[in-house]
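I opened my notebook to jot down what I looked up. Here is the structure I had on screen.

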Amino acid sequence: MPEDPSAARARTDGDAVTRTGDASPGAPEGGDRVADLAGIDRLLDGLVPTLMAKVATLGVGELEVRQGDWRIRLRRPIGGPSQFGRRATDRPGQRIHPGHEGLGAPATPRPAPQGGSALGGGPATNGSGGPALAAVGPGHRADTAGQGDEPAELPSAHGPVATSPAVGVFQPGAKAVGGTRVQAGDRLGVVDMLGVPQDVLAPADGIVIGVIVEAGTAVEYGQDLVHIEASGAVGAR
Amino acid sequence: MFNKILIANRGEIALRVLRACRTLGVEAVVAYSEPDRASLPVQLADEAICIGPSDARRSYLSAPAVISAAIVTGCDAIHPGYGFLSEDETFAEVVRAHDLTFIGPPPEVLDRFASKEGTRRLLGSYGLPTIPGSVGMLRDDEHALEEAARIGYPVLIKPSAGGGGKGMRMVRTPRELESAIKVCRSEAKSAFGDDSLYLEKWLDENRHVEVQVAVDRYGHGVHLGERDCSVQRRHQKILEEGPTPAMSPAARAELCERAIHAVVAAGYENVGTLEFLVDANGDPFFIEINCRIQVEHPVTEMLTGIDLVVTQIRIAAGEPLGLAQAEIQPRGHAIEFRINAEDPAHDFRPGAGTVQRYHAPGGPGIRMDSHLFPGYEVPPFYDSLLGKLIAWGPDRATAIERGRAALDELVVDGITTNVEIHKAILANDAFLEGRITTNLLDRVGSAAFLAAAARS
């Protein structure tokens, strides 16, 4: 008989929290791993829901908290989270904590980032390596549950984000520095696609509040690159 | 063998290639456009990377985007599937220039077979009977009229590039030719970026029979039997079967032998399909070669037990075929039904929407290649193929019975599909007796065809 749609959703939401297999310099090994897993559990149960609520109420695009050896970063997706960087180790069969699948779905009554929120983050000592915590799965599917919520709410709660115009390698420009005032259409950097630079443009007037992706990183089309706080946004809320 | 393959396609064929990669133990990255983010191949892939927006020209048809995606994800080969960039020799060339392998014929082979008109002459020189047609491309209307008069009406206007029936028109008079040629040029230009046209003699009552071949880099080739794709609507295949009911076993064997001999002699490499028209006397005429994996490849897989996509990848990786002709023993009969998001009641208007319920049929001899799942939103930007239902049986009658039961079992709620036309075909005497011709559906009219099936 046809599958239960909710079962399919649980599978496709795919918001399991996973650790990538490529041990980055700060990644704990061996016995620490058990402690790690317990740590992840604590984060998921306690910290993440709180963070999600914070992200929603503060209207910021990104929030980062450190706890012990772990750093957790929560970022609101625009038009669905980025999928790039999903690794072989993120295959469904190798996910840990399957019980946390569907984390991104609005399980709490509070407004929360939807569908596969890009749970970034990594060991505190490693800012550039592969994320130790990575959301996998398209996540977009979760939208079917609450269609309309996300598009209506996100733009106001989330500052403008300059996204990647192409698949390639990101090189931030001089204006991609926190605190820089930019105007809509300003070039914030380029994505090099087979040697052809494609401009990353500021989507709105405002102040650069953060560059999400480091120089030289491979990015996919539409990936969030630079956060901007729109002029006038401050004080409006 | 490759370490990691970028799959530069979508839908059921992306899934099919992904499965082949799994079989080979090769990692696969699915390149996708924004509206395909939630698609099944993207979900099941080892990795997935967004390469552009919904407009295929900026995603699946963008050579720079596809190649850049392969490079940044560390792939060493690109599988183009069918359509999109699958037979683009310039793309294959650029892929190689970036030290990647194009999974398909090498660029120089694609180039050799790029012109349909030139290929007809090339393979004709290696002993294949070819359809009478114009010599070279049509320069202008005057040239077209001269050539048509020489060949004799009716003639078929065909674009040199592409496929899928775009830019093709059959004309019976010089007057029709003059008006149709403009339409064909503009259709070919927009679909393939190339408006060169040529003419072929049109056979009114013809059958479409194609021979599947596989040739390795070392010049060893085999044929894997033939498929009959005579059930068409406006030059679009909707149902394929094998073996063809149009020819005797001896005639089929001879056709396949001549086909493999000619392509090996002409220097073809990798899997490919030689298409023939078979006239009312059972005489075949070569029309064109498809240098890619085809939509209907599962028919041959069911008959031979050979995985054609795996074979294609192995050949591209430089492996010898490792198969002798005598080892290929097609068994039984297979029929493929293309399940499209089309409304037969409204002139096969393509549709989109969300799949509410989906159930793939099963049972002995049944295979369903589809990227559907409950909740999947069929985007309106691409072709209407939702999947392929393939029914195999030890003989044609059993394959038809199994196909009928499987079509009844299939559930795709939320999207209007063309399943009714398949049920009507399976109730049609011409089909059941194995004498359907490519013009039957268009001559009778799909509406009348459906109505006749409903009465029976």
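Among contacts in chain B between residues at least 6 apart in sequence, what percentage join residues at least 24 apart? I found 65%, with a contact meaning two C-beta atoms, placed from the backbone, within 7 Å.

A note on the source: this is a predicted model, where local features need pLDDT of at least 70, side-chain atom pairs count only at pLDDT 80 or more, and totals for chains, interfaces and linings use all residues. Residues are numbered from 1 along each chain as its sequence is written, while chains are lettered from A and ligands numbered from 1 in the order in which they are written.

Next I checked the overall build. I got 16 helices and 22 strands for chain B, counted as DSSP runs (helices H or I, at least four residues; strands E, at least two). The radius of gyration of chain B, taken over C-alpha atoms, is 21 Å, close to the 23 Å from the globule rule for 456 residues, so chain B is as compact as a globular protein of that length. That rule is 2.2 Å times the number of residues to the power 0.38.

Then I looked at domains, whose bounds come from an automatic or database assignment. Chain B has domain 1 (4–103), domain 2 (132–201) and domain 3 (207–455). The C-alpha centres of domain 2 and domain 3 of chain B are 27 Å apart. Five residues from each of these two domains make the contact.

Last, I looked up Ala31(B). Leaving aside neighbours within four places in sequence, its contacts include Leu6(B), Ile49(B) and Val66(B).
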